[in-house]
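Reader: I'd like to learn how to read this one feature by feature. Can we start with what counts as a touch between residues?

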Amino acid sequence: MSAPPVELERTDETTRTTQISVVPLLRRLHFYAGVLVGPFLVVAAVTGMLYAFAPQIDDVLYSDKLWVEPAGTAKPVSQQVAAAQAALPEGTVTAVQVFEDPEATTRVVFSAPGLAEEYSKTVYVNPYTAEVRGELTTWAGSTPAVTWLDQFHRDLQLGEVGNLYSELAASWLWVLSLVGLVLWLARRRTARRRVRAVLLPETGAKGVRKTRSWHASLGVWALIGALFLSATGLTWSTYAGENFTAVLTALNAKAPALDTALPGSAPVASGEHSEHTGTPGSATPVDAATFDEVLAAGRGAGLDGPVELAPAAAPGSAWSVAQTDQTWPIRQDKAAVDPATGTVTARADFADRPFLAKLSTLGILAHMGLLFGLANQIALLLLAGTILTLIFFGYRMWWQRRPTRDDRRAPFGTAPKRGGWQQLPLWFVIPAPLVLIAVGIAIPLLGLSLVAFLVLDGVIGLVRARRAV
């Protein structure tokens, strides 16, 4: 049985009567959430907008290392690896990234003494001459500039404390979006059949009414994108992300790891690659010549396009070849190769992943601006710009609603009237505690901050009511 429709306030020409309705509470919640979470969303939108253009940033800052002029036939990978080893003798090769773009350099990833956890040294080699073009300290395959942007977007460079900022922003983004939609539909209830009234600003509106109209209309257009960013962003978060991973595990919906155990040896499964490449792997010295054999085996197994070759993670286990194409249609198949015989011993193909695992991968790539290339980047740019405009209009409404009379001047407008919870219908009140508990478990920061708002708002209201008596 479906829930009754949201009951709305009714007005006549002279007075507003109190009706049983969820709108007053939602209006106050939307106001305070927007005012308090707005700054977090501004930072997330700006840094996310910049991160979406990470490839172009890399091209500007590191083009001498990333790109070369094609000059005939590429040398064997083993020669390129040997050149990189000579340039960084203190390091141990953990991965080699080979690209199908004829202008891309080959990237040889090393573990090395003195590096922070999860960081590597990447040496960039001209595939046509085996000349080393330079080296950078990288994180998950990202250059220093992109690493800084990525971490600033995630945690403001504040570590675990900063992670709370991004999770809080992602947690509230979808709430603000859906509550805003409900409020706008409630205000436009007299024009339900007119789609234009919902999608486009009011013509002839002035002042705060005009600002609200633009704020709401833009919010409707950005709704799907905002919900997408919120959902995919939460999969990376600290607390909600852990719950998401636990659900995937319980449903047996995670991407299976590649089995790198060789016949007759103990089972060994390689760790899943992150959506970024270049995750440090083996720290065992390797023979550069083996890379040629492993690459040939991977190509023979159908792993075309850009690939990452990783030495065995432990003695007696296989090497791995993983496709790293992150644009649509993506190529993310993996194969385990016996380095002694050059035979493929196992595969882990993207097509065989559970549906939720595929959807999660595609969502993350689209969130990063990689899945559809430049079109994806432009879409994220427009979406982030729209979110920033919505926040601007929201604060502008707050300012426009301020009292301006000499005896009542104030820097900002007043908040929507307190006490909306007293007008809630029973069909909303009865399941509300269960919903709050469910939200608190699934998205802990949202649940805690929402309960804190409701409790604090209620306590302040009671205190002021007693003082007024």
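This is a predicted model: local features need pLDDT of at least 70, side-chain atom pairs count only at pLDDT 80 or more; totals for chains, interfaces and linings use all residues.

Reader: Which residues is leucine 88 in contact with, leaving aside its neighbours within four places in sequence?

Author: Phe110, Lys121, Val123 and Glu135. Leucine 88 sits in the loop between α3 (77–87) and β1 (92–98). Those labels come from DSSP runs, numbered from the N terminus: helices are H or I with at least four residues, strands are E with at least two.

Reader: Is leucine 88 buried or exposed?

Author: Buried means under 20% relative accessible area, exposed over 50%, and partly exposed in between, with a 1.4 Å probe and protein chains only. Leucine 88 has 3% relative accessibility, so it counts as buried. For a sense of the fold around it, take alanine 112: it is 24 residues from leucine 88 in sequence, and the C-alpha atoms are 8.8 Å apart.

Reader: Now the sheet. What is the order of its eight strands?

Author: Pairing first: two strands pair if DSSP finds at least two bridges between them. Here the sheet is open and antiparallel, in the order β4-β3-β2-β1-β5-β6-β7-β8. β4 (132–139) and β8 (343–348) are at the edges with a single partner strand each, so one side of each has no neighbour in the sheet. Neighbouring strands are turned by 20 degrees against each other on average, direction ignored.

Reader: How many bridges join β1 to β5?

Author: Three, and the two strands run antiparallel. Across that pairing, glutamine 97 stands opposite glutamate 308 in β5. On to the next pair: β5 (residues 307–310) and β6 (residues 319–323) are antiparallel over four bridges. There, leucine 309 faces valine 321, and alanine 310 is opposite serine 320.

Reader: And which residues of β5 lie on each of its faces?

Author: In a regular strand the side chains alternate between the two faces of the sheet. In β5, Val307 and Leu309 are on one side, Glu308 and Ala310 on the other, and all are buried, with both faces covered.

Reader: What about helix packing: at what angle do α1 and α11 cross?

Author: Axes are lines fitted to C-alpha atoms, for helices over the stretch in contact, and angles run from 0 to 180 degrees between N-to-C directions. The axes of α1 (residues 23–52) and α11 (residues 374–400) come within 9 Å and cross at roughly 155 degrees. Angles under 35 degrees count as roughly parallel, over 145 as roughly antiparallel, 65 to 115 as roughly perpendicular and the rest as oblique. So α1 is roughly antiparallel to α11.

Reader: Which residues meet there?

Author: Among them are Phe31, Leu41 and Met49 in α1, and Leu380, Ile387 and Trp398 in α11.

Reader: How does α1 sit against α5?

Author: Their axes come within 8 Å and cross at roughly 135 degrees, with α5 covering residues 160–187. That makes α1 oblique to α5.

Conventions:
Residues are numbered from 1 along each chain as its sequence is written. Side-chain values use heavy atoms; hydrogens and water are left out. Contact means heavy atoms within 4.5 Å.
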